[in-house]
Amino acid sequence: MSRHLDAEFHVRGTSRYVDDHPRPENMLHLALFGSPVAHGRVRSVDTQAARAADNVVAVFTVDDIPGDPWHGPVVQDEALLAAGEVRYIGQPIALIAATDVDSARRAAALVSVDIEPLEIVTDPRVAHARGDLFGVERTFAQGDVDAVWNTCATIVEGRSELAGQEHVYMETQRARAYPREDGGSQVMASTQGPTMVQKCVARALGVALHRVEIDVTRLGGGFGGKEDNANSIASLAAVAARLTGRPAELVLDRATDMRITGKRHPYSSDYRLGLSESGDILAFEARHYQNAGGYTELSPAVLERTLFTSCNTYNIPNFRVHAACCKTNIVPNTAFRGFGAAQGLWVIECAIHHAAEQLGVAAETLKARNLVHDGDWFPYGQQVAHEHAHMCWDAADTQFDLAATRAAVDAFNADHSHIKKGMAVLPICHGVSFTKIPLNQGQALVHVYQDGSVTLSTGGIEMGQGLSTKLAAIAARAFGLSMERITVQSTNTFRTANMGPSAASATTDLNGNAVLVAAEKIRERVLAFAGQRLGVDAERLAIVDARLTCDGDDADWSWNDLIAQAFLNRINLSDHGFYATPGIAFDPAVEKGQAFAYHVYGTAIFEVAVDCLRGTYEIERIRIAHDMGRPLNEAVDIGQIEGGLIQGIGWMTCEDLRFDAQTGACTTATHASYKVPGVYMVPDDLQIHLLEDPGNSVGPYSSKAVGEPPFLYAPGVYFALREAIRAFNPSGPLPFDAPMTPERTLMQLYAGRIDDMIEARSSPADTTPSA
Ligand code: MTE
Ligand code: HPA
Ligand code: MOS
């Protein structure tokens, strides 16, 4: 198995990111001045002092932008530099260009504004009550919930709160722009969506798309944070470059990035779940209040995926879920791994755990009996086409023995009073395809050079997820070559036009299939040429290990010689591949359709131990049965499962993103106040069992998307912790709020039982169990 193509560069420190490219002598450095308040009307901006500061070359405000300052992926409602209203702290108002970065940042602090303050709203429910929404409220429904409530043996109702999440990509937002002779721009950007950046830059400059070149080598992580956030950063750099005639680079320092860029959406939700006597889900109703922040951004698309995932992997015959993007005065929230799916899944899981607690049964028994079967319908009008939900659950059970795990946890808790264990089983289901259908297209340009080496350019972005490695693996297989002969080039708008963003976990499916299309066209031509030369039917020929074979036998012709001859005979050794996912459609007018090419399933088992005196906890074991088709590179895919899982665990446990309700300020915008999971959060025992699934006809070589689905396992850690807390405090109030930080764990261990706490403190602690 080959390793990640970038591994050696990363380890040697030679991988190039935007500002690792040699800096031109005359390059300007940029800094932003942002709004000091979360909501207000800008009366005036005073840039005098900043202009006069040392090494400052120019200071720009919205009126300086040569083209259209308005941008946004769904609605163009935010200006690159504020025009009138400001709706979140840090919203860019002025752009400072200086000969060095420190001077630019110092000068930014000298800008002053006169702002008429407006009322600040941070609570999405308040915004909703006032009708302050982006777009319209949406509802996914099937069956008739109203008709069945009175037939339910059990009904639970509740509310849940979910915090947002900071992306913490290692490379902060940045772009470098070079002015072009024709008024356009050449931009090195850290973006997941070069075409989106190209459009935003072109609009800001007032030029056509063909004058804007966006080039992306790789990202130091994106995680959705560069699906759209990168557009304005690159456009501001391009504007400065155009106006000064000099290359210009905008790099956000970490604190600024954390303070002013959009993050995962916090959600507040209500739910109601009805079960039959035997535990079948009869009805589910929910309402999601998405905290969208100050501008529309990608919120409506994220909201849509929340709706698509609100049933998780359960058959819910009567279902009605409403969701709305609520306009508040925090950063405009955006894509983040899972793209709203985790927030949808979270609520149905809360409801099931709530019902299990009320009934006094293990949640996993309720879950197992309600998993979707072949032939069931998802509420959005797509039929389940196989038994994968059960295959994953059963594999988890067979491999890891759910009953024995449950018995061990219960036995431990019976024996220990101050250390409590908890377990949770979390099945997932993630639809693969952009819910916005036009984005489901991929492209590839493949060149075979005269020496037999091959290069690929596609519409996909390498952001650490291993895309290049997988694309090269696809080309190597298609050509019958080893990976060493393949390179993957930067993603560039002049080599590939009209790309969708690298997102929705679909990048390999879309661009890998396009590579396959292009490579197969070239291979056919080369084999046709060889067949002609050898006087045999090309059907009998193949390339295996870089040698021509005929009916499986070596034909005494190496790939290199074959290519050299093909070139001399004027065979076209380049081609372009295009791929559009077949068979998908969705009609928002009725909220029904075949939205996804396929779904990814899996089942995870979490086990935790909580120290009930301290509120600290350990994630002891996580075992997963995951459905990922036939991996193109198993090590890369396992890396994605582990990475997504741990990133999600951070969101559910230690990453406590907060906004001040009065001021709208993000109060956790530094690494001193925002804790990301470290290596010690990773359980010592982490087992991943891969389900071999030969049935995926959509992914290249039967592979399956893997980038986001594993993130969805993360709520499992919350429910395991909750179970341990309940084992210690069976009756205290325990709201379904995440993240479950150690601080919150401690509070909840003793919620409603202060007297017990005093007693507990005076009794001897039991011994810590050995791991
Ligand atoms: N893995 C790494 N190392 N870095 C990233 O930025 N982004 C995630 C996931 N895994 C990301 C990652 C997100 S949000 C998505 S949508 C997918 O990768 C995108 O890549 P794919 O479509 O190739 O899976
Ligand atoms: N997932 C991720 N990014 C997206 C999507 C999606 O479904 N739609 C638009 N951008
Ligand atoms: Mo991923 S949130 O679709 O970039």
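**Backbone exceptions and ligand surroundings**

Tyr701 is partly exposed, with a relative accessible area of 25% (partly exposed lies between buried, under 20%, and exposed, over 50%, with a 1.4 Å probe and protein chains only). The structure is a predicted model, in which local features need pLDDT of at least 70 and side-chain atom pairs count only at pLDDT 80 or more, whereas totals for chains, interfaces and linings use all residues. Residues are numbered from 1 along each chain as its sequence is written, chains are lettered from A and ligands numbered from 1 in the order in which they are written, and side-chain values use heavy atoms, with hydrogens and water left out.

Most residues other than glycine have a negative phi, and most peptide bonds are trans. Tyr701, which is not a glycine, has a positive phi near 50°, and it lies in the loop between β29 (685–691) and α18 (715–728) (helices, H or I, have at least four residues and strands, E, at least two, as DSSP runs numbered from the N terminus). Asp545 likewise has a positive phi, of about 50°; this residue is placed in the loop between β23 (541–544) and β24 (547–550) and is exposed, with a relative accessible area of 68%. A cis peptide bond joins Ala738 to Pro739, with omega near 10°, and Pro739 is found in the loop between β30 (736–738) and α19 (742–750).

Ligand 1 is surrounded by 16 residues, of which the closest are Gly222, Phe223, Met463, Thr507 and Gln640 (a residue counts if one of its heavy atoms lies within 4 Å). By class, this shell around ligand 1 has 5 nonpolar, 9 polar and 2 charged residues, where Gly counts as polar. Among the polar contacts (pairs of N or O atoms within 3.5 Å), a nitrogen atom of ligand 1 is 2.9 Å from a backbone N or O atom of Met463, and a polar side-chain atom of Arg337 lies 3.1 Å from a nitrogen atom of ligand 1. Taken alone, ligand 1 exposes 520 Å², of which the protein buries 92% (areas come from the Shrake-Rupley method with a 1.4 Å probe).

Around ligand 2 are Glu227, Arg305, Phe339, Phe434, Thr435, Leu439, Ala503 and Ala504, a shell with 5 nonpolar, 1 polar and 2 charged residues. The side chain of Glu227 has an N or O atom 2.6 Å from a nitrogen atom of ligand 2, while that of Arg305 has one 3.2 Å from an oxygen atom of ligand 2. Taken alone, ligand 2 exposes 260 Å², and the protein buries 98% of that area.

Conventions
A polar contact is a pair of N or O atoms within 3.5 Å; within protein, one must be able to donate a hydrogen and the other to accept it, and residues adjacent in sequence count only if both atoms are side-chain atoms.
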